[in-house]
Amino acid sequence: MGRGYVLVVAEKPKAARKIAEALADGSGARLCRSGRIPFWMVYWAGRLHVIAPAAGHLYGLTTDEHGFPVFSYYWVPLWRIDRGASHTRQFLDVLGRLATSAAIFVNACDYDIEGSVIGYMVIKNVGDVGRAYRAKFSALTRQDVRRAFRKLDPLDWDMIEAGLARHELDWLWGINVSRALMDAVKLVTGRRVVLSAGRVQSPTLIEAVSRDKEIKLHVPLPRFAVRVTVEVGGRSYTGTLAAYEERRAAEAAAERLRRNRVLRVEHYREWMERLQPPYPFNLGDLQAEAARLFGYSPMFTQKIAEQLYLEGLISYPRTNSQKIPPTVDVASIARSLARLNEYRELIDYLLKATRGLLRPRNGPKDDPAHPAIHPTGELPRGALDKAERRIYDLIVRRFLASMAPAGVVAKASARLAAPGIGSMELAGLRVEEPGWLRIYYFAAPEEKAIPRLKPGGLVPVKRVSLSISYTSPPEPYSKASLVKWMERVGIGTEATRARIVELLFERGYLEARGRRVEATELGYAVAGVLSKYFPQLTSVALTRHFEERLEAIRARRAGRREVVEEAKAVLREMLERFKAEAMRDAGMELAKALGLVRPARRCVICGREAVADGLCSFHLEAVKRLVNMYGEWRRRAGLGCRKFLESIAGLRAAGQWVREAAEYFMKKGACPPGLAEYEA
DNA sequence: GCAAGGTC
């Protein structure tokens, strides 16, 4: 090794500090500052190490070319091309100055594909990859970091190549298809409109659009339930005894029941059940829980969690892990939190109930770089605002609850039957021993008492009634459940999912009605154009393909150039064809949705462009579904066409377009073509 | 101006 110090590149300031502390021995690490950027000096193995942070990616891809297809791009400092990344300039400046006197470079960024790229780009541009090493640690603990530095590895070229390929592939697909959409609109209208598409945002848009469509086109089917009220021990209980597709069958059953007004106790059981404590939070679980309890959007929750992290109150929040490893000193965190009044009693309880043996209940999900979200034990210095307080409290309680004893609930269930008709269950629940629920009360189950019954006994029926229920449309997405969907299918990352959902709103593809996510005209149009001309972007299959190819690069079964050239070939073919044959059609579709082009004929119901029979494609589809479902409705409810339309028009469960279509025909006093006579 | 990814 030559003269000069070792420059250690960390992914972020927090990580740089932890690495410095881990390497420091006796004398400790010296904190220095250049402007607002901290770095550390420490002697390790008798040699000066300077540990300086990046701030995530400091370089990004750009191009000088306009239009599409565009296949030439190059790396530049991020601050030059991204207004939101102006802070990265100072980080890069400091690394650049420190690099001039360094003899050796170590990439000590997170040990994942992006961390490999972050450190590599810095060393390549301001240092020297010929004098560079990789430190590989799976957690930022003293033990792991020191082990990594005792035996540094050569630069991890396979990871770097895979990471660079990820950037290039996303850039090629995203920039080209986005430009194709925008240029199509420009061609037809002469207007510049910002549109976008990408490997993650587009499948998410398609999912939201198809859910919206299923809801708006839902034709509910009726079911007829026999409801009974029984009286036991002076209290009444009501339940559904049987449900029938046809009204006549339900009426007959109700009639029989009215004649023989008893139910027989078929079964009665009481038992205890353990409620296992929850796992500590990963970001997705935190976002879902904050949405459920406080109505917060995932982006908002993430922003608050990031603030708490920067204030040192919680661990790194952008994690997928539901595990707290043994290296986290949970006992001293708990002791420290006990200094806060609101947690003192709970922690006393926790220590007593576990005899001081604190072990979190870890979940299955993992993260290569970070543990589950947990409080650090540092206490808030000033007052937290309301949202910070709520999120902090949620995280603290979840963390403590994950180490608490299981809860115990007493359950009871009874089955009451009318022979030949059906049976109904009564379910009771009582919290016997709250356990972790004392701490994480947000999950407390609803208590319900039922009478103790003797099997074989008879229970008098007080009341019999017929109720109609209807099949429901699928649940609408909320921002939080859309983020959960992305997590489930494995697209985006902890850091980007909420942001990408917000982006779809910014683009005007989605809109919110309360918590409900709906697709806009533009969202439908973009989804339609992508499905037709760039079908790869409509499903998560592209991500799966990327993963396969990147894995091949890592395993040296393929090279980056080869993989990127494959993608370019596919894109070139598609983009050239789009340009030659489809620009005008696609541009018209988008322009109409944007309201930039007036449709030739308008839908008599909604004013959108009519495609046939004076109806737009949505209402045309709605009419088709009404016609298809009418036969089944008549069989079940015995209604004529007019009553059928009236029922549909008045049902909340019916989709908006279906209701509008039904109303339209009612006003017209006619049935949709293909249906029976209106008066039938 | 456009992606997805990192982080202040």
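In the predicted model, P222 has Y470 of strand β15 as its bridge partner. This bridge belongs to the pairing of strand β10 (residues 222-232) with strand β15 (residues 458-470), which is antiparallel and extends over nine bridges. Helix α19 packs on the sheet and touches both β10 and β15, and the direction of α19 makes about 35 degrees with that of β10. The two strands take their place in an open sheet of six strands, arranged in the order β11-β10-β15-β12-β13-β14 with antiparallel pairing. Strands β11 (235-244) and β14 (422-433) stand at the edges of this sheet, and because each has a single partner strand, one side of each is left without a neighbour in the sheet. On average, and with direction ignored, neighbouring strands of the sheet are turned by 30 degrees against each other. A further helix, α8 (residues 247-259), lies across β10, β11, β12 (262-275), β13 (407-418) and β15, and runs at about 165 degrees to β15.

Chain A as a whole contains 21 helices and 17 strands, and its C-alpha trace spans about 100 × 75 × 50 Å along the principal axes. Of the 680 residues in the chain, 52% are buried. Among contacts in chain A with a separation of 6 or more, 72% are accounted for by residues 24 or more positions apart.

Strand β1 (residues 5-10) pairs with two other strands. With strand β7 (residues 102-107) β1 runs parallel and is joined by five bridges, V8 having V106 as its bridge partner in β7. With strand β4 (residues 47-53) the pairing of β1 is likewise in the parallel sense, over five bridges, and here V6 stands opposite H49. The side chains of Y5, L7 and V9 point one way from β1, whereas V6, V8 and A10 point the other way, and all of these residues are buried. Since six of the six residues of β1 are buried, the strand is largely enclosed by the rest of the structure.

Among the helices, α7 (residues 201-216) and α21 (residues 656-668) pack at an angle of about 35 degrees, with their axes 5 Å apart. The contact is made by K213, I215 and K216 on the side of α7 and by Q656, W657 and V658 on the side of α21. In composition, the residues of this contact divide into three nonpolar, one polar and two charged.

Aromatic side chains form 17 pairs in the model. In one of these, Y309 and Y316 are arranged edge-to-face, at 5.6 Å centre to centre and with 85 degrees between the planes, and both Y309 and Y316 are buried. Another pair, formed by Y630 and F644, is tilted, with 5.0 Å centre to centre and 50 degrees between the planes. This pair links distant parts of the chain, Y630 belonging to helix α19 (residues 617-637) and F644 to helix α20 (residues 641-649), 14 residues apart. Y630 has a relative accessibility of 4% and therefore counts as buried, and F644, with a relative accessible area of 0%, is buried as well. Elsewhere, F68, Y533, F534 and F578 form one aromatic cluster. Rings also meet charged side chains: the charged end of R89 sits over the ring of W79, 3.9 Å from its centre, while R211 lies over the face of Y477, at 4.3 Å from the ring centre.

The peptide bond leading from F68, a member of the aromatic cluster, to P69 is cis, with omega near -5 degrees, and P69 is found in the loop between β5 (59-62) and β6 (74-77). A45, although not a glycine, has a positive phi of about 55 degrees; this residue lies in the loop between β3 (37-44) and β4 and is exposed, its relative accessible area being 73%. A positive phi, near 60 degrees, is found also for R556, again a residue other than glycine. R556 is placed in the loop between α17 (541-554) and α18 (560-594), and with 67% relative accessibility R556 counts as exposed.

Methods: Residues are numbered from 1 along each chain as its sequence is written. Chains are lettered from A and ligands numbered from 1 in the order in which they are written. This is a predicted model: local features need pLDDT of at least 70, side-chain atom pairs count only at pLDDT 80 or more; totals for chains, interfaces and linings use all residues. Side-chain values use heavy atoms; hydrogens and water are left out. Buried means under 20% relative accessible area, exposed over 50%, partly exposed in between (1.4 Å probe, protein chains only). Helices (H or I, at least four residues) and strands (E, at least two) are DSSP runs, numbered from the N terminus. Two strands pair if DSSP finds at least two bridges between them. Axes are lines fitted to C-alpha atoms, for helices over the stretch in contact, and angles run from 0 to 180 degrees between N-to-C directions. Contact means heavy atoms within 4.5 Å. Ala, Val, Leu, Ile, Met, Phe, Trp, Tyr, Cys and Pro count as nonpolar, Asp, Glu, Lys and Arg as charged, and the others, Gly among them, as polar. Rings of Phe, Tyr and Trp (its six-membered ring) pair if their centres lie within 6.5 Å; planes under 30 degrees apart count as stacked, over 60 as edge-to-face and the rest as tilted. A charge sits over a ring if NZ of Lys or CZ of Arg is within 6 Å of the ring centre and within 35 degrees of the ring normal.
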